[in-house]
Amino acid sequence: MSNYAAANKEAWEEAFEVHKRGRKVDLVDVLLAPEGTFLDAPVLAALGKIGVAGKAVGQLCCNNGRELLSIVKLGARSGVGFDIAANFIEEGRALAEKTELNGRFVCTDIADIAPGYNGAFDIVFVSAGAMTWFQDLGAFFEKASQVLAPEGYLLVHEIHPFVNMLATKDEPGFDADHPDKVVYSYFRADPWVETDGMDYVGGTTYPSKPFYSFSYTMETIVNAVAQSGLTIAEMHEYPEDISAGFGHLNDRGFPLSFVLLASKGSR
Ligand SMILES: C[S@@+](CC[C@H](N)C(=O)[O-])C[C@H]1O[C@@H](n2cnc3c(N)ncnc32)[C@H](O)[C@@H]1O
């Protein structure tokens, strides 16, 4: 495990109780409610296109699995979630048990996913705030490609790289009169180092263990997927924030999130 991954594991495990306190909904209640889901409309639309029924689904950086279990609920045959934080993985297991949804959870660095999972999934899902932990995005998508079955699909719903140029409301560069002011380089290569917590659930800050994340350009993302042996089928950009930091810019003409669909076979 890299030094970055080891530090981030500690910071994520520290965040577990903070997230639990910050939640406004009961995860089991939502998953058991007939129409309850933790999936956003763009993900539901993409899943509708590629089909979920009877599929084996894997999620990289699944956190507590609430999104993965929402996919299982749509009719997938099975779900396996991978995440580095042991307590979030335990919570995922408890959620699967309480909801009787067929989800399994594996505590691992994505880089260390066991070769036994190669070719295991018809759909590999990557959602908001997953890519940013990986210095080498090429290696991340190579892992996604490896664990996909021959005709499988990679579905990414992520924060748009445009967002990395902006300051959040609690950052010094934030200008309330110009919340869209460009503050950071689009081409930033240095890691972000933060120690004020990762409470995107309750919106609080707290003195935290240091954690390290990375920005990417759209070029880096597209090339990393294309060079991992996958064929990009389509991409869509959306004016809605999925990072929990830029909701004030929703629907104002800025690209805040995107969906990328890539297939393993050439279609
Ligand atoms: C923001 S969550 C993303 C998942 C999902 N969108 C969510 O909100 O639940 C990021 C997750 O990535 C995990 N993570 C960070 N670095 C990792 C690594 N190297 N390997 C596996 N998981 C990692 C964290 O533990 C955390 O649960």
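His157 stands opposite Val259 in β9. The structure is a predicted model, in which local features need pLDDT of at least 70 and side-chain atom pairs count only at pLDDT 80 or more, whereas totals for chains, interfaces and linings use all residues. Residues are numbered from 1 along each chain as its sequence is written.

Helices (H or I, at least four residues) and strands (E, at least two) are DSSP runs, numbered from the N terminus. Strand β5 (residues 148–159) is joined to β9 in the antiparallel sense over 7 bridges, and β8 (residues 231–238) is likewise antiparallel to β9, over 7 bridges. Ser257 in β9 is the bridge partner of Ile159 and also of Tyr238. Of the 7 residues of β9, 5 are buried; a residue is buried if 20 or more other C-beta atoms, placed from the backbone, lie within 10 Å of its own.

These pairings belong to an open sheet of 7 strands in the order β3-β2-β1-β4-β5-β9-β8, with mixed pairing. The edge strands, β3 (103–107) and β8, each pair on one side only. From one strand to the next, the twist averages 15°. Helix α5 (residues 86–99) packs on the sheet and touches β2 (78–83) and β3, and its direction makes about 165° with that of β3. Axes are lines fitted to C-alpha atoms, for helices over the stretch in contact, and angles run from 0 to 180 degrees between N-to-C directions.

The largest nonpolar core has 57 residues, and those with the most contacts inside it are Val124, Val126, Ala144 and Leu154. Such a core is a set of buried Ala, Val, Leu, Ile, Met, Phe, Trp, Tyr and Cys residues joined through C-beta atoms within 7 Å. Beyond its neighbours within four places in sequence, Leu154 is in contact (C-beta atoms, placed from the backbone, within 7 Å) with Val124, Ala144, Leu148, Leu230 and Ala262. A second, separate core of 8 residues includes Ile159, Phe162, Val163 and Phe246.

The ligand is surrounded by 17 residues, of which the closest are Cys61, Asn63, Ile84, Gly129 and Trp133. By class, the shell has 10 nonpolar, 4 polar and 3 charged residues; Ala, Val, Leu, Ile, Met, Phe, Trp, Tyr, Cys and Pro count as nonpolar, Asp, Glu, Lys and Arg as charged, and the others, Gly among them, as polar.

Methods: A residue is near a molecule or strand if its C-beta atom, placed from the backbone, lies within 6 Å of it. A residue is buried if 20 or more other C-beta atoms lie within 10 Å of its own, exposed if 12 or fewer, and partly exposed in between; C-beta atoms are placed from the backbone. Two strands pair if DSSP finds at least two bridges between them. Two residues are in contact if their C-beta atoms, placed from the backbone, lie within 7 Å.
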